[in-house]
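Hi,

Here's the structure I promised to pass along.

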Amino acid sequence: MNPRLSLLLIGLAGLAVAFAPLPVQPIAPQERTFEIDARQYAYSPSELQVNHGDTVTIQLVSTDVVHGLYIDGYDISVEADPGQTASLTFIANKSGSFRFRCNVTCGAMHPFMIGKLNVGIDNWLYRSIGLATLAIFGTVISMRQKA
């Protein structure tokens, strides 16, 4: 086979792996509630996993000073006073990873009080595996054509 044609086919297959929709079964939206403790520049838990379309309720519990929680990409926030619980409910209608952070200056280490909201499955893991497989396949074909 012509080496240029082989590279073209592998390149086209790579584009298909990188950008074609994955055959994933849709998951019915659910209601999810998380209780997040905010204290001393940390959230617990610091990472949340939800599915696209879920109705998410976050109950923010502040145990020391006033803390806030702002979710980047969703532009929503909530503040909790010491010893109090504040709730925030939204629909996770944007897929991807979003950082959440304290939006109330709570002390010297305030900028490091962050967490992560993951919405949907990690498509890039599967796409990376497919692209790595194609790279190996392309290398083998290239070596066989030179021999």
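This is a predicted model: local features need pLDDT of at least 70, side-chain atom pairs count only at pLDDT 80 or more; totals for chains, interfaces and linings use all residues.

Numbering starts from 1 along each chain as its sequence is written, and side-chain values use heavy atoms, with hydrogens and water left out.

Core first. The largest nonpolar core has 26 residues, and Tyr43, Leu69, Ile71, Phe90 and Leu117 have the most contacts inside it. (A nonpolar core is a set of buried Ala, Val, Leu, Ile, Met, Phe, Trp, Tyr and Cys residues joined through side-chain atoms within 4.5 Å; buried means under 20% relative accessible area with a 1.4 Å probe, protein chains only.) Among the elements giving two or more residues to this core are strand 1 (31-39), strand 5 (67-71) and strand 9 (114-119). Strands here are DSSP runs of E, at least two residues, and helices are runs of H or I, at least four, numbered from the N terminus.

Isoleucine 71 sits in strand 5 and is buried, since its relative accessible area is 0%. Leaving aside neighbours within four places in sequence, its contacts (heavy atoms within 4.5 Å) include Ile58, Phe90 and Leu117. Phenylalanine 100 is 29 residues away in sequence, yet the C-alpha atoms are 4.3 Å apart.

Serine 62 belongs to strand 4 (residues 55-62). Its relative accessibility is 1%, so serine 62 counts as buried. Beyond four places in sequence, Ala38, His67 and Asp81 are among the residues in contact with serine 62.

On to the pocket. The largest one is lined by 19 residues, with Ser95, Val119, Gly120, Ile121 and Asn123 nearest its centre. (On a 1 Å grid over the protein atoms alone, a pocket is an open set of points where a 1.4 Å probe fits, with protein on both sides within 12 Å along at least five of seven lines; lining residues have an atom within 4 Å of a point.) Helix 2 gives the most to that lining, with three residues.

Helix 2 (123-146) has 24 residues that should span 34 Å at 1.5 Å a residue, and its end C-alpha atoms are 35 Å apart, which agrees. (The expected span is 1.5 Å times one less than the number of residues.) Its buried residues are Arg127, Leu134 and Gly138, and they pack against helix 1 (3-19).

Cheers

Notes: Buried means under 20% relative accessible area, exposed over 50%, partly exposed in between (1.4 Å probe, protein chains only).
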